[in-house]
Protein chains: 2
Amino acid sequence: MSGVVDLEHWSHVRLAQVEQALERWVTAEAPQGLDHGAPAALVEAMRYAVLDGGKRLRPLLVLAAHEAVCDPQDAGAAQAALRAACAVELIHAYSLVHDDMPCMDNDVLRRGKPTVHVQFGQASALLAGDALQALAFELLTPLDGPVPPATQARLCGLLARAAGSAGMAGGQAIDLASVGQPLTERQLREMHELKTGALLQGSVLMGAHCGTPNATALAALECYGAAIGLAFQVVDDILDVTADSATLGKTAGKDADNNKPTYVSLMGLRASQAYAQQLLAQALAALDASALAHTLALRALADMVVNRAS
Amino acid sequence: MSGVVDLEHWSHVRLAQVEQALERWVTAEAPQGLDHGAPAALVEAMRYAVLDGGKRLRPLLVLAAHEAVCDPQDAGAAQAALRAACAVELIHAYSLVHDDMPCMDNDVLRRGKPTVHVQFGQASALLAGDALQALAFELLTPLDGPVPPATQARLCGLLARAAGSAGMAGGQAIDLASVGQPLTERQLREMHELKTGALLQGSVLMGAHCGTPNATALAALECYGAAIGLAFQVVDDILDVTADSATLGKTAGKDADNNKPTYVSLMGLRASQAYAQQLLAQALAALDASALAHTLALRALADMVVNRAS
């Protein structure tokens, strides 16, 4: 794989797997052996939040890291990777549902559709988000099948840490407290390392831990994940001022309107763009140093993160 | 152990362990080897929601089931049980935080204190709840220590299923949809089996799965857990009409005011009280049939669930 067209083919195949798996796993049907399925109304809100939307960047990172590290013949690792890919997307989806609520960002538009609380009401949005987080951990812990329990435990641990108070939720709390506050570049970076970076880096590490990565590979993937995690947010801040709402599928210019600190407000647009390219170079250099053979998908995803239009 | 006084001694010792562990684990300090701790403001809200409050019934059920099933010399099982005890309490605490929010029950008083959103604002309450759920799974998956990865994975799976859309969150969704609706006794029971029962039964099963329970013991504990799970809710409905707010530490009479279906509204007070006693007898009979030797704590807890005053 050597460019944009190849990423398109690679991701087309993986995205189909992920969509199919999410379609199957976010369901009201009771798993065999259980008395209860989930209430249909709750599952409808969960499916609305998850299915048919989003770039699925986090699942693709899981799968690309899995392919960089793992033996393709290892059925347990492949099944773990698909489950991890869906689990990170469920966490991402729940965070958007809660983030859009009136008491947080109060956003009415997401991926070009009414947000979950607009469509289903606030109480249902709250519960759907809560249930999506639980479902993420349920997907990681199948009772049957080829995923070794040690892999299940490791993936749960990585996801919990990436999502929790020292990860995504912690970053959101800092974000909340920093509206209208002047932040230094370091404070801004620390906020984003938690808010967005932790789950992106976590996706990469979860993909790697579907197998048994060696220490060199793991260190390289940590660097790669940290660089693209930060780049993602820098580019988000850039797009908030350069793209329109239709392209973004969400309300553009919102950060500036809300007086939120961003890279663009702190560094200016040109310097932010240069910083994003620098982070891309860091991510690629980490892969160069990794001695991993199959990194083309990870490279293409890094390129996509930095050079995306929405 | 043969009665109320003995339960007091037994639970006094376990509660001290649980409080100490929660105090240590719900913290802003970064675990060794991580760059970030959690933001102090978020952790303050999390600690407010968890520490110094509640009967800790779910942790006690975990520990009692662990003691009924496991070898007391097994350090891995004991450590798993303490972590599981705290994890179920974090899930319970997060559910209360979200349940009290204005878009749900809009309650301002909990355990005699202002609810989390009253004290810290709605956005912080939302995030604190989210972070508490993630922390529950983090506690279950320590990187070091004696808890075997297979136990970690099993506990994560049990907790995720008990908390999610076919468990607690699903029950809350049914509850939400049923305000002002006439329910049959069967529909009411199904709602409570999910809303309250799943996590109470899950606590018992998690305690048992800290070791390797045999099938007979497991079946008995499932029956026991189902009976006390349902009994808990029946008694909750009874106390909502017979106790005052000061005793309950929350607003009494609220279900009736909100036109929520309850056992008392459906069966009447006397029949509800008889039903609670019948469920207690079922729980004790399940233990009798279990061939487990150390069930006194489980028996005393069942008695406490049914004969409590608040």
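**Chain A and its contacts with chain B**

**View 1. The side of chain A that touches chain B.** In this predicted model, 48 residues of chain A are in contact with 48 residues of chain B, two residues being in contact if their C-beta atoms, placed from the backbone, lie within 7 Å. The elements giving two or more residues to this side of chain A are α2 (40–50), α6 (122–139), α7 (149–163), α8 (168–178) and α9 (185–208), where helices (H or I, at least four residues) and strands (E, at least two) are DSSP runs numbered from the N terminus. The largest share, eleven residues, comes from α6(A).

**View 2. The bent helix α9(A).** Helix α9(A) bends by about 55 degrees at G197(A), the bend being the angle between axes fitted to the seven residues ending there and the seven starting there. Because 19 of its 24 residues are buried, α9(A) is largely enclosed by the rest of the structure; a residue is buried if 20 or more other C-beta atoms, placed from the backbone, lie within 10 Å of its own.

**View 3. Chain A as a whole.** Chain A has 15 helices and two strands, and its C-alpha atoms fill a box of roughly 55 × 50 × 35 Å, taken along the principal axes. Buried residues make up 55% of the 310 residues in chain A.

Residues are numbered from 1 along each chain as its sequence is written, and chains are lettered from A and ligands numbered from 1 in the order in which they are written. Local features need pLDDT of at least 70 and side-chain atom pairs count only at pLDDT 80 or more, whereas totals for chains, interfaces and linings use all residues.

Technical notes. A residue is buried if 20 or more other C-beta atoms lie within 10 Å of its own, exposed if 12 or fewer, and partly exposed in between; C-beta atoms are placed from the backbone.
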